[in-house]
Amino acid sequence: MKIALAQLNLMVGDLAGNAAAIIAAAQQASDRGARLLITPELALCGYPPRDLLERPGFLSAMQQQLRTLAQELPRNIAVLVGVAVNNLLDIEGGKSLFNSAVLIDHGELKQVFTKRLLPTYDVFDEGRYFEPGKKAESFILEGCKIGVTICEDIWNDDRFWGRKFYEADPLADLSSQGVDFVVNLSASPYTIGKQRLREEMVQSAAASYGFPIAYVNQVGSNDDLIFDGTSLAISRTGAIAARGAGFETGLIFTEFDSQTRDFVATGMAGSWAASFSDIQLNQSLPEQTGLIAPLPTSTDAELWSALVLGIRDYARKCGFSKIVLGLSGGIDSTLVAALAVAAVGADQVLGVLMPSPYSSDHSITDALALANNLGMKTLKLPIEPLMNTFEQVLADPFQGTEPDVTEENLQSRIRGNLLMALANKFGYLLISTGNKSEMAVGYCTLYGDTNGGLAAIADVPKTRVYSLCQWLNQGQVGVAGFAKLSSPNDAIVPENVLTKAPSAELRPGQVDGDSLPPYDVLDDILDCLIRQKQSLDDLVAVGHDRPIVERVMRLLTRAEFKRRQTPPGLKVTERAFGTGWRMPIASHWQLSDS
């Protein structure tokens with residue numbers, strides 16, 4: 001029996017568009033002889049739907065779309081569709097919905113399968129909406145007994161993790177039922193290194209239980225979450241039978257051999273116009289080649305692809321075709337400009353230079369050199385006249401005081417206002433350029449450089465910003481999404497951007513090191529605090545200076561009110577500031593107390 005995995009880019013709330021994508025995938029899979037098509041988790045409504053699930057009209061429309069979809073799918077292929085289903089069991093005290101997979105075959109809704117393990121950590125809040133399923137469920141197709149799981153259901157294998165996270169164990173229950181293979185409908189958000197971790201986990205589960213696993217993951221970006229796809233067909237021994245390309249839509253095929261009770265290679269993989277935008281634009285995507293798509297060659301390559309996809313999808317799904325950003329000649333705006341050009345094209349990106357009396361000459365020359373390398377447009381708006389106006393207006397109330405950070409912040413807020421004015425007037429998406437290190441310690445200006453509709457690198461530490469820019473200059477022009485430059489040795493990022501001391505240039509001679517520890521030290525401390533949740537004593541024990549750690553802890557705590565008011569940031573690490581970070585603003589407890 002041939003099986004197709006539909007790696008789809010779905011838009012939250014676009015019921016008709018998502019249904020069209022599923023139909024397109026089913027038709028192509030059927031044409032290639034597949035008997036079963038598997039879609040991602042909550043494919044019909046898109047993931048994560050969040051509080052749309054609390055809107056009765058949305059739920060009613062989803063159920064109607066499901067019935068319509070059943071009638072429009074090809075009749076010779078069974079399709080597992082991810083969808084939210086009403087809890088008709090009326091469990092006392094339970095939620096009104098199940099996170100479900102519905103089996104559609106020959107125009108009929110044959111069977112409903114419910115997700116049993118509902119994550120409520122990090123960005124996940126499924127206990128807010130769904131009732132957990134109570135039992136392991138399977139179905140028979142072409143004589144095969146197929147177990148159905150949904151995302152988190154396969155993340156509870158104590159033989160891989162060394163412990164269980166939930167009392168229920170869906171894979172163990174399906175194993176006891178003697179299923180031939182298991183399918184998993186997923187919407188698993190991307191973080192650095194997760195592709196390999198996820199693959200190793202599925203391989204371990206398949207080998208441990210002795211049945212093949214077909215894993216289908218959503219691709220694309222919805223708000224702050226990026227989904228990498230990388231769908232898998234894993235044999236009963238843990239070998240890879242098929243792997244979908246990361247960060248791309250596609251159909252991945254495998255075949256179940258009833259004699260060996262295992263997946264066999266089919267030699268087929270393909271892409272098609274099956275994301276929301278491709279359906280609307282009626283574009284065809286090129287065919288993929290090879291059954292097992294390669295994983296990225298480095299974490300920088302992986303992260304680059306994720307960020308480009310995140311920016312492109314956020315812009316398109318929010319109705320933007322053009323991007324504007326402040327171009328300072330610094331490392332952060334350099335990276336964001338390169339990402340934006342790769343995401344939407346150089347002719348759709350505007351970099352705005354806004355020099356002040358404190359701006360160095362190289363800020364202008366470096367910014368213009370980068371823009372020339374990328375082929376993007378620039379606009380120069382000197383801010384000294386506006387600074388003088390603010391100084392005159394505030395002269396009386398500020399009389400008798402000395403210039404301080406207040407005047408410095410005014411420069412940033414002037415620039416923020418100019419960028420927002422351009423965005424409003426011409427329909428640009430303004431992307432802010434602050435990195436995670438700065439966001440963590442509040443080294444940014446509220447209503448200034450934090451202005452924007454998307455914070456593209458807000459989860460990228462400063463040291464990783466440098467790493468990505470160096471990666472771009474190491475012969476990665478083709479994969480980066482740029483046209484080839486005049487010679488293979490040409491660098492995208494001007495060398496001076498990589499070597500000069502980082503500075504906000506808000507006063508004469510200012511550098512970031514005046515206010516912050518060296519970024520390699522700061523980023524290590526922040527990783528220990530944010531991701532690893534370590535204490536002050538833990539950091540001192542591994543060699544960090546106690547006063548520096550205490551200061552970073554205070555800055556991290558005090559900056560919470562700023563982070564709460566910044567644009568959504570693309571999540572690429574295990575612990576990002578955003579929907580998965582829920583620290584109080586007004587709190588007596590300090591991190592240094594822990």
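Start by selecting Trp 155, Phe 160, Trp 161 and Phe 165: together they make one aromatic cluster. This is a predicted model, where local features need pLDDT of at least 70, side-chain atom pairs count only at pLDDT 80 or more, and totals for chains, interfaces and linings use all residues. Numbering runs from 1 along each chain as its sequence is written, and side-chain values use heavy atoms, with hydrogens and water left out.

Now the pairs. The structure holds 14 aromatic pairs. Rings of Phe, Tyr and Trp (its six-membered ring) pair if their centres lie within 6.5 Å; planes under 30 degrees apart count as stacked, over 60 as edge-to-face and the rest as tilted.

Select Phe 181 and Phe 256. Their ring centres are 4.9 Å apart and their planes meet at 40°, so this pair is tilted. Phe 181 sits in strand β8 (residues 181-186) and Phe 256 in strand β14 (residues 250-257), so the pair ties together parts 75 residues apart in sequence. Strands (E, at least two residues) and helices (H or I, at least four) are DSSP runs, numbered from the N terminus. Both Phe 181 and Phe 256 are buried, meaning under 20% relative accessible area (1.4 Å probe, protein chains only), with exposed over 50% and partly exposed in between.

Next, Trp 304 and Trp 471. This aromatic pair is tilted too: 5.8 Å centre to centre, 45° between the planes. Trp 304 belongs to helix α7 (residues 299-317) and Trp 471 to helix α13 (residues 462-472), 167 residues apart. Trp 304 and Trp 471 are both buried.

Last stop: charges over rings. Arg 159 lies over the face of Tyr 209, 4.4 Å from the ring centre. The rule: NZ of Lys or CZ of Arg within 6 Å of the ring centre and within 35 degrees of the ring normal. Finish at Arg 563, over the face of Phe 577 at 4.5 Å from the ring centre.
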